Number of protein chains: 2
Amino acid sequence: MTTPVSFEFNRRVLLSTLALLLALIGSLRPKSAVAQTDILQSWSDGPAKTSIIDFVARVTTQGGPDFVPAEQRIAVFDNDGTLWCEQPMYVQLAFILDRVKAMAPLHPEWKDKQPFKAVLEDDMKTLSESGERGMLELGMVTHAGMTTDEFAKIVSDWLATARHPRFKRPYTGIVYQPMLELLGYLRANGFKTFIVSGGGIEFMRPWSERVYGVPPEQVVGSSIKTRFEMRDGRPTLFRLPEVNFIDDKGGKPVGINEHIGRRAIAAFGNSDGDLEMLQWATLSGGVRLGLIVHHTDAEREYAYDRQSHFGKLDTALDAAALNKWTVVDMKSDWRRVFAFE
Amino acid sequence: MTTPVSFEFNRRVLLSTLALLLALIGSLRPKSAVAQTDILQSWSDGPAKTSIIDFVARVTTQGGPDFVPAEQRIAVFDNDGTLWCEQPMYVQLAFILDRVKAMAPLHPEWKDKQPFKAVLEDDMKTLSESGERGMLELGMVTHAGMTTDEFAKIVSDWLATARHPRFKRPYTGIVYQPMLELLGYLRANGFKTFIVSGGGIEFMRPWSERVYGVPPEQVVGSSIKTRFEMRDGRPTLFRLPEVNFIDDKGGKPVGINEHIGRRAIAAFGNSDGDLEMLQWATLSGGVRLGLIVHHTDAEREYAYDRQSHFGKLDTALDAAALNKWTVVDMKSDWRRVFAFE
């Protein structure tokens with residue numbers, strides 16, 4: 001009667017091998033929505049987290065009434081105030097001010113010329129009085145006049161040394177941990193994640209993949225014009241002091257269509273600049289997710305909305321109530337704001 | 001002595017199960033470059049095919065001196081004359097002429113107004129004399145004045161019924177079989193494939209995924225401006241009669257940078273309009289592949305180059321020799337041109 005023993009032994013080997021191989025196969029497949037919710041560990045249990053999980057479960061349930069094929073699972077994220085901190089000023093504005101100061105030795109005339117004088121003297125009142133025209137002038141001086149490769153290096157070098165004035169850390173560390181988890185959660189469920197920001201497209205691309213896991217080709221943003229030139233036998237793109245595209249408000253759906261060519265089914269923002277993007281994503285029929293990050297936590301981050309100079313949230317907050325978009329109360333919905341807490 | 005028999009039996013079951021499961025796992029993984037060359041079955045053995053396989057082997061050999069990580073394996077393809085037939089005229093021009101005729105009943109004034117009169121009377125001589133301004137006018141009338149969704153439907157409806165005048169088949173069937181295989185071969189080796197065409201971005205997107213396996217977000221092309229509007233509570237993008245971007249010649253590197261944000265490492269074209277794209281991709285150091293499809297086969301397709309009205313190949317052919325780009329001789333390098341042969 002050795003057969004059963006031998007058979008048992010071999011069946012055990014067979015079964016354990018099978019289990020191992022099935023586990024291997026499993027690890028190569030996208031996991032189900034339910035299995036992945038532990039990714040969202042910085043989110044408190046509550047209506048915001050529930051709305052996210054419910055949405056993902058509905059659009060990923062094969063055979064269900066709300067199923068959306070993976071290739072159509074496009075999610076778009078604003079950057080300033082949605083993925084990283086935009087207070088006490090937009091990071092790109094801090095970059096502009098630092099660059100003007102760094103470039104000043106080559107421009108002695110700036111000492112007596114506005115809006116440069118105001119920047120060099122840290123005179124924020126005069127600077128803000130220079131208005132959009134002043135900001136555009138500062139933007140062009142600091143963003144144009146070099147190749148795309150040179151500009152990418154300037155941005156990377158600046159980010160390596162610049163520090164947030166309150167948190168004393170690199171700006172790429174002042175990103176919201178719950179939103180990083182949300183990006184990962186969506187990707188684990190077959191979504192393709194895009195950034196759609198009013199900020200400069202070439203200001204974000206040098207670090208978006210490393211920080212957010214979003215590759216350059218999935219970044220949409222504002223841009224200036226470039227011109228192709230052969231220089232010493234090498235092809236370059238030279239950055240021109242001329243606005244190409246403003247990816248804000250009604251420009252966001254335009255940018256999404258131009259770059260992605262599909263409507264998103266989930267959109268994440270925090271300010272009035274994101275209103276049209278959320279409308280475009282959510283009001284076209286089907287189960288959709290619109291979400292607004294409401295900055296309500298002055299202790300861990302900042303508290304601001306309808307009156308803020310940066311990231312004003314007014315009409316989009318009213319629209320959120322009207323359209324049943326999820327409003328994240330940062331104070332109660334986020335167990336942790338930053339990874340370094 | 002039943003044990004060995006039983007053991008043998010079970011080992012056979014175990015081994016065959018293992019083999020099955022390993023095959024399953026294998027089918028979920030990208031295959032190696034070497035194993036995939038049989039995809040290129042419509043390519044004759046010769047220098048063109050060899051240059052493609054050598055390039056792919058070099059950039060995908062982990063630890064090798066020319067290895068390129070998968071996320072940087074960007075390949076860009078021109079469309080007209082590179083992926084599908086551009087003779088006896090660009091497909092989009094055939095679309096424009098058909099649309100003018102279809103729209104004519106609503107525009108009785110066109111009977112006496114150029115360049116519309118020439119279109120309605122099939123007077124190609126007068127039409128070509130109307131030059132760029134005439135073509136722009138026809139382009140705007142047929143491409144603007146509707147929402148993006150409406151335009152996509154117009155394109156899809158037209159493609160469903162229009163036929164190529166010589167091959168009597170839908171235009172989406174007049175695509176080059178060797179290039180379809182090349183797209184698949186590159187993707188099987190970790191490349192991300194993009195279309196970068198002088199043609200309209202929204203003219204290609206409705207069918208690029210189905211025909212080429214290239215999703216809308218990986219299509220770059222020329223475009224007109226759009227405007228976001230809420231209409232009856234629904235968000236729309238309205239197409240305006242104003243050029244936004246011309247994705248041709250020096251515009252191709254600009255478009256690649258704007259949409260992809262990385263340099264391609266392989267570029268495929270067929271005309272002078274692709275020259276700057278090939279320079280941008282191949283002349284920046286590292287092992288790169290530039291390839292030009294030379295239309296040399298009047299019997300199976302068309303033969304044209306330096307004197308052609310559509311897809312003129314002159315300076316780019318000289319540049320190919322200078323820069324050691326691969327030049328495909330359609331007649332000898334392609335065993336088959338179209339799938340229907």
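Reader: In chain A, in which sense do strands E2 and E3 pair, and over how many bridges?

Author: Strand E2 (residues 192–200) and strand E3 (residues 219–231) of chain A pair in the parallel sense, over three bridges. Please note that this is a predicted model.

Reader: Which residue of E3(A) does A:Ile195 stand opposite?

Author: A:Ile195 stands opposite A:Val219 in E3(A).

Reader: Let us turn to helix packing. How do the axes of H3 and H9 in chain A cross?

Author: The axes of helix H3 (residues 47–60) and helix H9 (residues 177–188) of chain A come within 11 Å and cross at roughly 15°. H3(A) is therefore roughly parallel to H9(A), as angles under 35 degrees count as roughly parallel. The crossing of H3(A) and H9(A) is right-handed.

Reader: Which residues meet there?

Author: From H3(A), A:Ile52, A:Ile53 and A:Val56 meet A:Leu182, A:Tyr185 and A:Leu186 of H9(A). The residues of this contact divide into six nonpolar, no polar and no charged.

Reader: Turning to A:Leu97, is that residue buried or exposed?

Author: A:Leu97 is found in helix H4 (residues 91–103) of chain A. A:Leu97 is buried because its relative accessible area is 6%, and buried means under 20%.

Reader: What is A:Leu97 in contact with, leaving aside its neighbours within four places in sequence?

Author: With those neighbours left aside, A:Leu97 is in contact with A:Met89, A:Val119, A:Met124 and A:Leu127. As for A:Gly269, 172 residues apart from A:Leu97 along the chain, the C-alpha atoms of the two are separated by 26 Å.

Reader: How many helices does chain A have, and what share of its residues count as buried?

Author: Chain A has 14 helices and seven strands. Of its 341 residues, 54% count as buried. Among the contacts in chain A with a separation of 6 or more, 66% come from residues 24 or more positions apart.

Reader: Now chain B. What is the strand order of its sheet?

Author: In chain B, seven strands form an open sheet in the order E4-E3-E2-E1-E5-E6-E7, with mixed pairing. Its edge strands are E4 (234–245) and E7 (326–329).

Reader: At what angle do H3 and H9 of chain B cross?

Author: The axes of H3 (residues 47–60) and H9 (residues 177–188) of chain B cross at roughly 15° and come within 11 Å. H3(B) is thus roughly parallel to H9(B), and the crossing is right-handed.

Definitions and conventions: Residues numbered from 1 in each chain as written. Chains lettered and ligands numbered in written order. Predicted model: local features only at pLDDT ≥ 70, side-chain atom pairs only at ≥ 80, totals over all residues. Heavy atoms only, no water. Axes fitted to C-alpha atoms, helices over the stretch in contact; angles between N-to-C directions. Helix = DSSP H or I, 4+ residues; strand = E, 2+ residues; numbered from the N terminus. Parallel < 35°, antiparallel > 145°, perpendicular 65-115°, else oblique. Left-handed = near helix turned anticlockwise from the far one by under 90°. Contact = heavy atoms within 4.5 Å. Nonpolar A, V, L, I, M, F, W, Y, C, P; charged D, E, K, R; others polar. Buried < 20%, exposed > 50% of the residue type's maximum accessible area, 1.4 Å probe, protein only. Pairing = 2+ DSSP bridges.
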